Amino acid sequence: MKIALQVISLGCRLFLAWLLIYASYDKVWEPAGFAASMARYELLPLWAVNGASVLLAWLELLVGTLLLVGLWVRAAALWAAGLMALFAGIMIYAGIIGAGYDCGCFPGGAGHTAGYGAALRDLGFMLPALWLFFLPSRWLALDGLRPGQAARLR
Amino acid sequence: MASCSEFLDQRKAGPGFRYKPAGRPSLPRPVLRTTLRRCLLILAMAAAAGLAFNLAAPQGIGWLPAEVSRPLWQAVGLSRARELQKAGALFIDARDPGRYRAGRVRGALSLPPEEFGRYYPMLRAQLKQAATLVVYGRSRSRWPAAWVAQELARRGHGRVLVLSATLEQWRAAGYPFKAPRRRRRP
């Protein structure tokens, strides 16, 4: 049973790491494009768009990297859950205003329209993050290499 | 009832007890404290990395978009915009084409940022004829109107203004508005 839980935790961690790194590398490398995607929602005043988009893109990348190497897994999982909740909220707003444009979530943008469907997808991505918050994996993780940390995670 | 008996059982432990409901997943306080501290550290690291990258990389963006830090347009109020329309100003709708079709300022042309490269060459001659251009968007956040206005001003169009009111306010004021045609049922 314990092994099964560890396997599920490892799967959740690697999946979330892949998802966040895949979603963020383009936003980090082309900040102007992501800032334009964020501005399109018209949720933030114009003076706040650039700063918020840069912070969000780097937060995604950093959280994804921490999950990949297995360092500070619980904190990274909490951030991942928070980010997914934020994205789901924005997608619900997009659904309410009837936005038919690309959500700006992934590179390329094909087939990812902002709206209720995208909100459901983001809420689904929250589940592995919440799992990891309560049961962070020690397998293939830097956290597991430190004995004190491993004891805390148990 | 279960929580009542739990409360009584825990009370037997002696004075100064703190009731803790059973059956709910909870993490020890030191673990939560460490996790929250690390969350703040992650946020600070992301902010520092984003700042450093945007200062160093050639594709980095500034704190403010150019249409805010160095605006080439001016804001215009509702009544003044109406006066300008009467005097021959051309209105530009910077919203999505779908919203444009659903209702717009009468006589406005559609020029959304996403289609700017495609639509602008077709509209250039018409835009050049107008002495004043008034751009409007969906909300008061002034995007996408400010972006479109900046691009038009950069391309040498005389006087470019951004409407500082929403389309709903324009309509509520009773100014010329083009609503979509209703289809007659056969």
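**A walk through a two-chain model**

Among the contacts in chain A between residues at least 6 apart in sequence, 70% join residues at least 24 apart. Keep in mind as we go that this is a predicted model. Of its 154 residues, 53% count as buried.

Now turn to chain B, where you can look for a sheet. Five strands form an open sheet there, in the order S1-S6-S5-S2-S4, and the pairing is parallel. At the edges are strand S1 (74–76) and strand S4 (109–110) of chain B, each of which pairs on one side only.

Strand S6 (residues 159–163) of chain B is joined to strand S5 (residues 132–136) of chain B by four bridges, and the two run parallel. One pair to find is B:Thr132 with its bridge partner in S6(B), B:Arg159. On to the next pairing: S5(B) and S2(B) are also parallel, over four bridges. S2(B) pairs with S4(B) as well, in the parallel sense and over two bridges.

Are the faces of strand S2 (residues 90–93) of chain B covered or open? Both faces are covered. B:Leu90 and B:Ile92 lie on one side, B:Phe91 and B:Asp93 lie on the other, and all four are buried.

In soluble globular proteins, nonpolar side chains tend to be buried together. Here the largest nonpolar core has 81 residues, and B:Ile92 is among those with the most contacts inside it, together with A:Leu67, A:Met91, B:Leu111, B:Leu127, B:Val135 and B:Leu152. Helix H4 (residues 73–97) of chain A gives the largest share of this core, 13 residues. Domain 1 (28–62) and domain 2 (66–178) of chain B both contribute residues too, so the core lies between these domains.

To see the packing around one residue, pick B:Val135. Leaving out residues up to four places away in sequence, B:Val135 touches several others, including B:Ile92, B:Ala94, B:Ala145, B:Val148, B:Leu152 and B:Leu163. There is also a second, separate core of 15 residues, and B:Val76, B:Ala81, B:Ala108 and B:Leu161 are included in it.

How do the two chains meet? In this model, 39 residues of chain A are in contact with 36 residues of chain B. About 3,300 Å² is buried between chain A and chain B, and carbon and sulfur atoms give 71% of that area. On the side of chain A, three residues supply more of the buried area than any other three: A:Glu42, A:Leu46 and A:Trp72, with 22%. The rule finds one salt bridge across the interface of chain A and chain B. B:Glu114 forms a salt bridge with A:Arg40, and their closest N and O atoms are 3.0 Å apart.

Our last stop is B:Leu64, in the loop between helix H2 (29–56) and helix H3 (66–69) of chain B. Its relative accessible area is 35%, so B:Leu64 counts as partly exposed, the range between 20% and 50%. Apart from its neighbours within four places in sequence, B:Leu64 is in contact with A:Trp47, A:Asn50 and B:Ser69.

How values were computed: Residues are numbered from 1 along each chain as its sequence is written. Chains are lettered from A and ligands numbered from 1 in the order in which they are written. This is a predicted model: local features need pLDDT of at least 70, side-chain atom pairs count only at pLDDT 80 or more; totals for chains, interfaces and linings use all residues. Side-chain values use heavy atoms; hydrogens and water are left out. A nonpolar core is a set of buried Ala, Val, Leu, Ile, Met, Phe, Trp, Tyr and Cys residues joined through side-chain atoms within 4.5 Å. Buried means under 20% relative accessible area, exposed over 50%, partly exposed in between (1.4 Å probe, protein chains only). Domain bounds come from an automatic or database domain assignment. Contact means heavy atoms within 4.5 Å. Two strands pair if DSSP finds at least two bridges between them. Buried area is the accessible area (1.4 Å probe) that two parts lose on being put together, summed over both. A salt bridge is a side-chain nitrogen of Lys or Arg within 4 Å of a carboxyl oxygen of Asp or Glu.
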